[in-house]
Amino acid sequence: MANSFDLPQNAALAQTSAAALTTALSGAEIATLHERATDAAANSYSPYSHFRVGAAVLLEADAQQTGEIVAGTNVENASYRLTCCAEQSAIVAAVALYGPKIRLRAIAIVNLNHAASAPCGACRQTILEFGGPETAVFYPSADGETVSTTLGALLPAGFNLASE
Ligand SMILES: [Zn+2]
């Protein structure tokens, strides 16, 4: 997949942050994220919408973590409201594998339907739980380009609650 990124045109702060992120993330890391997300999308359980989505998170490396990548896909349900988004599937899997202290450095979202798929509002809040304004977010726009932005640009007023 080509690494061409559209930056939001109306968010100078987001542009600055995204530019910093593309230097912080290597092209190889971004390409691997997209590959892992695409592989996961092929396993999508989406018999109702046929919208096959994959997401892959890059974890911050620290004493417990080594910059692992964990992927997830969307899993639908006959009771539509029980459907789980790919982004949340990836984050849940990452917690299951690496524990509650994971932090997200980046997340890439893809779909096999050649459609735009920015993370939904619920997923933005879920990304915030394990990330921050600087977390890199890559997703496909309607024109097929990959948007490179930050969670801070996508969710400027996320909900926070002090935790222990
Ligand atoms: Zn979602």
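Helix α3 (86-98), strand β4 (104-111) and helix α5 (151-154) are among the elements that cover the buried residues of helix α4. This is a predicted model, in which local features need pLDDT of at least 70 and side-chain atom pairs count only at pLDDT 80 or more, while totals for chains, interfaces and linings use all residues. Residues are numbered from 1 along each chain as its sequence is written.

**Overall architecture**
- The protein chain has five helices and six strands, where helices (H or I, at least four residues) and strands (E, at least two) are DSSP runs numbered from the N terminus.
- Along the sequence, these elements follow the order β-α-α-β-β-α-β-α-β-β-α.
- Of the 164 residues, 38% are buried, meaning that 20 or more other C-beta atoms, placed from the backbone, lie within 10 Å of the residue's own; 12 or fewer make a residue exposed, and values in between partly exposed.

**Helix α4**
- Helix α4 spans residues 121-130, and its buried residues are C123, T126 and I127.
- These cover an arc of only 100° around the axis, so they lie on the same side of α4; the arc is taken over the directions from the helix axis to the C-beta atoms.
- The exposed residues G121 and A122 sit on the face turned away from the buried side of α4.

**Strands β5 and β6**
- Strand β5 (residues 136-140) pairs with β6 in the antiparallel sense over five bridges; pairing requires at least two DSSP bridges between two strands.
- V137 stands opposite T149 in β6.
- Five residues separate the strands of this hairpin, in which G144 takes a positive phi near 90°.
- Strand β6 (residues 146-150) is largely enclosed by the rest of the structure, because four of its five residues are buried.

Conventions: Two residues are in contact if their C-beta atoms, placed from the backbone, lie within 7 Å.
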